[in-house]
Amino acid sequence: MSEYKLLIGGKLVAGDMVMDVINPATEEVLAVCPRGSQAQLDAAVAAAKAAFKGWSRQSMDDRRACINRLADAIEARTTEFARLLTQEQGKPLSESTAEITYTAAFLRYLASLELKGRIIEDNDVRRVELRRKPLGVIGCIIPWNFPVLIVAFKAPVALLAGNTIVIKPAPTTPLTTLRIGELCAEIFPAGVVNIITDHNDLGAALTAHPDIAKISFTGSTETGKKVMASAASTIKRITLELGGNDAAIVMPDADPKTVAPGIFGAATMNAGQVCLAVKRVYAHESIYDELCAELARLADAAIVDDGLMQGAQIGPLQNKMQYEKVKGFLEDARANGNIIAGGQIEDRSGYFIRPTIVRDVEDGCRIVDEEQFGPILPVIRYADPQVALERANASPWGLGGSVWGADRDKAYDLACDMESGTVWINKHLDFGPNIPFGGAKQSGIGVEFAEEGLHEFTQIQVINEAR
Ligand code: NAD
């Protein structure tokens, strides 16, 4: 029997099936977890549908209060949740602690937003009012890289706007989310928040479900395309936060020693399994050797270990499938460039790969052109910043990007021409709940965070009244 429970219609219930959750640092079974069936998914959607009327008619302040109570309850259990998150996800405890802390902060900030309608016209002829109404039941589909924080990207805005939700975590990282479900059971009216797990077999049913009004999806571009196709059957609203291949362009006037730690940190956080990680570096030929050497020095010094161990900087890859995939990228890096740091898997159990720096590599091979989603960083030499920009933009993705250099105006001009939803200057991977975030091109549709993100969970209604 599993000590974890699904949350359906306000009740914590066993799954119709169970599945093992593996600790990626040890490859041992961490917990037996409930696995939902199609019937349980249908029950969760039905519960969310039944709860919608009551929840959507509550005042925004009442809904806000529930979300804030959840933030408080999560924060009160930061130590316990962070430890569990490290055990199921693999990231170092410091990163897990930050993820839980950010989760509470995102819940609070997003709950503080206001949903404003407006009067478009009010005169002798007519009164036209724009209102924003909730959509109904929202399906929130979550990936395994930030299993808790990404729930806090979606749930508070969906709920604040008056929607009810069904959350589906990724099969390899459901545990901390189910613990949060226990808190939700005490805080929200029955059916407002539901959590269902699967073995990668219920996502399609969720996206095709006729009683779901919107899917808020974060995951790979490949799965995002399936979500989009499946959502078409009922013209569901969709927000897709998908993959990326973020380029960092390092200008000739950048100081390699100054910029290397920021680039390295943004490439290897969460073992490189971050949608907005630096995934390729374009370095000017004048500073190329020095930057490569500096990145290699940082990679050699990095402590790769079980995330629970004191001082661990880089944990294991999250799951076996990703581990095998990243090993394939290592082979590609070996064949198409020179590996100057890392390059080997750790001789121990667990899905560990040392941070790897690849130089003398060009566009046109997998390690540069595809999303590695692991701690391998290719560094490509360029002579002309405009050519670096063209190569950065030649990707089908457009999530993030960055420009590093001393001349602010030159960096800014290049940043404006990057085809990405977010571009940073002299940093990478800085985001917050007050800053709209979304992908260009095949990195997604729609935005999350801030008022713009809240609006995506609403339907505009116009009341047009004769005078
Ligand atoms: P994934 O696409 O494999 O899975 C994501 C979720 O989709 C999981 O819950 C999975 O069970 C579910 N799913 C699987 N098949 C489905 C289907 N047919 N219909 C609906 N749902 C289905 O992604 P992943 O491997 O868990 O996550 C890594 C990817 O996510 C990377 O590409 C990364 O860049 C991306 N990501 C993007 C963002 C962003 O905000 N843009 C954030 C984090 C991760």
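# Pockets, ligand shell and cavities

Q: How is the volume of the second largest pocket known?
A: The second largest pocket has a volume of about 360 Å³, and 21 residues line it, with Phe146, Leu149, Met269, Leu429 and Phe431 closest to its centre. A volume is the space filled by probe spheres set on grid points, which are joined across faces, edges and corners. The model is a predicted one, in which local features need pLDDT of at least 70, side-chain atom pairs count only at pLDDT 80 or more, and totals for chains, interfaces and linings use all residues. Residues are numbered from 1 along each chain as its sequence is written, and side-chain values use heavy atoms, with hydrogens and water left out.

Q: What makes a space a pocket or a cavity?
A: On a 1 Å grid over the protein atoms alone, a pocket is an open set of points with protein on both sides within 12 Å along at least five of seven lines, whereas in a cavity a 1.4 Å probe fits but cannot get out; lining residues have an atom within 4 Å of a point.

Q: Which helix gives the most to the lining of the second largest pocket?
A: Helix H4 does, with 4 residues. Helix H4 (93–111) and helix H5 (149–160) each supply at least two residues of this lining, helices being DSSP runs (H or I) of at least four residues and strands (E) of at least two, numbered from the N terminus. By class, the lining of the second largest pocket has 13 nonpolar, 2 polar and 6 charged residues; Asp, Glu, Lys and Arg count as charged, Ala, Val, Leu, Ile, Met, Phe, Trp, Tyr, Cys and Pro as nonpolar, and the others, Gly among them, as polar.

Q: Why does the second largest pocket lie between domain 1 and domain 2?
A: Domain 1 (6–242 + 443–466) and domain 2 (246–433) both give residues to the lining of the second largest pocket, so this pocket lies between them. The bounds come from an automatic or database domain assignment.

Q: Which residues that surround the ligand are the closest?
A: The closest of the 29 surrounding residues are Asn200, Ser220, Thr223, Leu242 and Glu371; a residue counts as near if one of its heavy atoms lies within 4 Å. The shell around the ligand comprises 16 nonpolar, 9 polar and 4 charged residues. Domain 1 and domain 2 both contribute to this shell, so the ligand lies between them.

Q: Which residues lie nearest the centre of the largest cavity?
A: Leu70, Val151, Ala155, Ile167 and Ile180 do, among the 17 residues that line this cavity. The largest cavity holds about 120 Å³ of space, and the structure has 3 cavities of 30 Å³ or more. H5 gives the most to the lining of the largest cavity, with 4 residues. This lining divides into 15 nonpolar, 2 polar and no charged residues.

Q: How many nonpolar, polar and charged residues does the lining of the second largest cavity have?
A: The lining of the second largest cavity has 5 nonpolar, 6 polar and 4 charged residues. About 80 Å³ of space lies in this cavity.
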